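Subject: Structure handover and findings

Dear colleague,

Please find below the structure I promised to pass on. My notes on it follow directly after.

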Amino acid sequence: MAANFWTSSHYKQLLDQEDVDVLHPLDKDKGITLEDFKLIKMHMANYIWKLAQYVKVRQRVVATAVAYMRRVYTRKSMTEYDPRLVAPTCLYLASKAEESTVQARLLVFYHKKLCADEKYRYDRYEIKDILEMEMKILEALNYYLVVFHPYRALSQLFQDAGLNDINMTQLTWGLVNDTYKMDLILVHPPHLIALACIYIASVLREKDTTAWFEELRVDMNAVKNISMEILDFYENHRMITDDRVIAALSKLNLKA
């Protein structure tokens, strides 16, 4: 992986939110709305986290897989790239990119096991399907596999701020995990996402970090805007039901 974010392909591929929120014409034809689009991506991000618990990969691998999945759908349609196959394939590809390789057969085994408990079944995929989709995803990503995450910045920032409170650390880490349920990793530099999570946690835990943030000389408007995006997500997330996700997936007319 590249050592410097600012010279990496990740930095060069950052998008404006309006470019991330573009629906592919093929998906529009199926009646997919922007809300459906976001719901399906969030559902598949959650699915990747669940599958990762079975195959026991590092958190970084999971985060990279989710980033791949979200990148794919800035370029390709869900109609052509079935999310139910893209999600496990992204985990497979990320495990290789992050040097924590998971065997495809193991992934398929747990994929089917996990799908048996899901309301919306999608367990028909086999190893060859994962391998074929892997090549399609690589092409969709233009073979750019570098992803920088907020986790590395978070550890350094905690040390710099002298924030050694375990409750503060756990809360902030959990906030960063939840940012992968959104498209933030495609839009913002990872250190700003990390700072936004620290900002929210410091307010919730009543830690005065004002002076520390001033010393950093970062764009506090950007940090606060990202913080508001995260808080808005939590507010809206409470109203999301399984039925809404199933209804969104059903519009794709993908046979389970």
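In which helix does Thr-179 lie? Thr-179 lies in helix H10, which covers residues 166-179, where helices (H or I, at least four residues) are DSSP runs numbered from the N terminus. Before going further, please note that this is a predicted model, in which local features need pLDDT of at least 70 and side-chain atom pairs count only at pLDDT 80 or more, while totals for chains, interfaces and linings use all residues. Residues are numbered from 1 along each chain as its sequence is written, and side-chain values use heavy atoms, with hydrogens and water left out.

Thr-179 has a relative accessibility of 3% and therefore counts as buried (under 20% relative accessible area, with exposed meaning over 50% and partly exposed in between, for a 1.4 Å probe and protein chains only). Apart from neighbours within four places in sequence, Thr-179 is in contact (heavy atoms within 4.5 Å) with Leu-184, Ile-193, Cys-197 and Ile-230.

The chain is divided into domain 1 (16-146) and domain 2 (150-238), with bounds that come from an automatic or database domain assignment. Taken over C-alpha atoms, the centres of the two domains are separated by 26 Å, and the contact takes 15 residues from domain 1 and 13 residues from domain 2. The area buried between them (the accessible area, with a 1.4 Å probe, that two parts lose on being put together, summed over both) is about 1,200 Å², of which carbon and sulfur atoms give 60%. In domain 1, Met-42, Gln-59 and Arg-70 lose the most area to domain 2, together accounting for 38% of what that side buries.

Between domain 1 and domain 2 the count is 2 salt bridges (a side-chain nitrogen of Lys or Arg within 4 Å of a carboxyl oxygen of Asp or Glu). Asp-183 forms a salt bridge with Lys-41, and the closest N and O atoms of this pair are 3.1 Å apart. The elements that give two or more residues to the side of domain 1 that touches domain 2 are helix H2 (17-20), helix H4 (34-55) and helix H5 (59-72), and H5 gives the most, with 6 residues.

Finally, two backbone details may deserve a look. Asn-142, although not a glycine, has a positive phi of about 55°; Asn-142 is placed in the loop between helix H8 (127-140) and helix H9 (150-161), and is partly exposed at a relative accessible area of 47%. Arg-217, also not a glycine, has a positive phi of about 55°; Arg-217 lies in the loop between helix H13 (210-216) and helix H14 (220-237), and is exposed, with a relative accessible area of 78%.

Best regards
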